[in-house]
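Let's take a walk through this protein, one neighbourhood at a time. Keep the 3D view open while you read.

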Amino acid sequence: MASYNDIAKLTGLSLGTISNVMQGKKNVKESSRQKVEQAIEQLGYRVNYQARSLASERGNLIGLVVSTTENIAESSILLPMENFAEKHGSRIIWATSRNDKDRERKNCEAMLSSKADCLFVFLQSLENEAYFRRLAETEKTPIILLARYIDGIDMPYAAVDNWYAAQQMVEYVYKKGHRSLTYLDIAEESMLSPNRDRRKGVIRECEQMGIACDVIRFPVGRNDCEVGYKAAEGMIRSGTLPKLVFPRDDSFAVGFYSACMRYQVRVPEDVSIMSFGKFFSDYITPKPLSTFDRKFDRVIDTATGLFLEIAEARKNGSDGKDIRKKIFVKGSLVEGETVADV
């Protein structure tokens, strides 16, 4: 395999210049950069990441564990995380837990053993709560939770402010004249922090504003869209369709809307839908969903920025305790066409 010395012989450049090009440093002449890139292509050079990590304290590696790529929220993480890694001269390895607690632990252990500079985790459930509490106490590698967090754990996270989202959503439908709503959730996942906080926030805001709030939990399905469809179908057939529903996310709302279309139930004339997420609201449903944009891109920016702050603090000999490590990102309401004026 070609080496730095081979590139130096072909280009006539110093090893230091070649190293600067490889690391993406900006203090390199464009002509030198082009020579190195041409030599890399001609020689078929490949970066030896293992040797690089053995020669330094950094592994130049970013680890990412998500629960599934079938969830659009989690699949949307991959590209910005990859861009972040490339920008900072690292590579990214990612894996899915497939909603299995054992796979989640194994994936985390594998990445931590690979000398990753940081591990980002999108929790699959609370089943590994004890495991992450132990990591928070013993693991030196920064571990940052994405979007979901565990109560009382000393581990950095960047998450959506779901309490704020609930407040904005309830105030919106109140101004539209609604005085009752039905919150649609999934029982098996209802204690994950985003779903729990959003549900509790809706209940709290309804109590404060005098809105009747009913919560219905449905069995988990293959995906939230399927659960939403079956939820609406059951309500329509039984004649129990509410005037206003709060599906827990956009996927659930799209499934609910689809069943309404099939059974010729008008939205929002017969039933209003207040969604959450803004993943599908612009192009899937016939009318744009009234929803809440969780600004997930800001969550990723915040989480990666948090890692950089922690890394810089450690580089300067600090333990980083003065860094604000638990950050909530506020989204914004999106007024669509699925909530009627009463």
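## Around Tyr257

Which residues does Tyr257 touch, not counting residues up to four places away in sequence? Keep in mind that you're looking at a predicted model. The list is Val267, Ile273, Thr285, Pro286, Lys287, Leu289 and Thr338.

You'll find Tyr257 itself in helix α11, which covers residues 250-262. Its relative accessible area is 4%, and since buried means under 20%, Tyr257 is buried.

## The nonpolar cores

Now head for the largest nonpolar core, which has 44 residues. The members that touch the most other members are Ile62, Ile77, Phe120 and Phe246. Helix α12 (residues 296-315) gives this core its largest share, 8 residues. Apart from it there's another core, this one of 21 residues, including Ala231, Met235, Ile236 and Leu289. Leu289 has already come up, as one of the residues that Tyr257 touches.

Zoom in on Ile62 and leave out residues up to four places away in sequence: among those it touches are Met81, Phe84, Ala85, Ile92, Ile93 and Phe307. Ser90 and Arg91 are on the list of Ile62's contacts too.

## Helix α8, end to end

Helix α8 runs over residues 162-175, so here's a quick check: at 1.5 Å a residue, its 14 residues should span 20 Å. The end C-alpha atoms are 20 Å apart, which agrees.

Which residues of α8 are buried? They are Asn162, Ala165, Ala166, Met169, Val170, Tyr172 and Val173. These cover an arc of only 155° around the axis, so they sit on the same side of α8. What they pack against is β5 (157-160), α9 (193-209), β8 (244-247), β10 (291-293) and β12 (332-334).

At the N-terminal end, Asp161 caps α8, with a side-chain oxygen 3.4 Å from the backbone nitrogen of Trp163. After α8 comes Gly177, whose phi is positive, near 100°.

## A serine in a loop

Last stop: Ser125, in the loop between β3 (118-121) and α7 (129-138). Is Ser125 buried or exposed? With a relative accessible area of 14%, Ser125 is buried.

A polar contact of 2.8 Å joins the side chains of Ser125 and Gln124. A polar atom of the Ser125 side chain also lies 3.0 Å from the backbone nitrogen of Glu127.

Technical notes
Residues are numbered from 1 along each chain as its sequence is written. This is a predicted model: local features need pLDDT of at least 70, side-chain atom pairs count only at pLDDT 80 or more; totals for chains, interfaces and linings use all residues. Side-chain values use heavy atoms; hydrogens and water are left out. A nonpolar core is a set of buried Ala, Val, Leu, Ile, Met, Phe, Trp, Tyr and Cys residues joined through side-chain atoms within 4.5 Å. Buried means under 20% relative accessible area, exposed over 50%, partly exposed in between (1.4 Å probe, protein chains only). Helices (H or I, at least four residues) and strands (E, at least two) are DSSP runs, numbered from the N terminus. Contact means heavy atoms within 4.5 Å. The expected span of a helix is 1.5 Å times one less than its number of residues. The arc is that of the directions from the helix axis to the C-beta atoms. A polar contact is a pair of N or O atoms within 3.5 Å; within protein, one must be able to donate a hydrogen and the other to accept it, and residues adjacent in sequence count only if both atoms are side-chain atoms.
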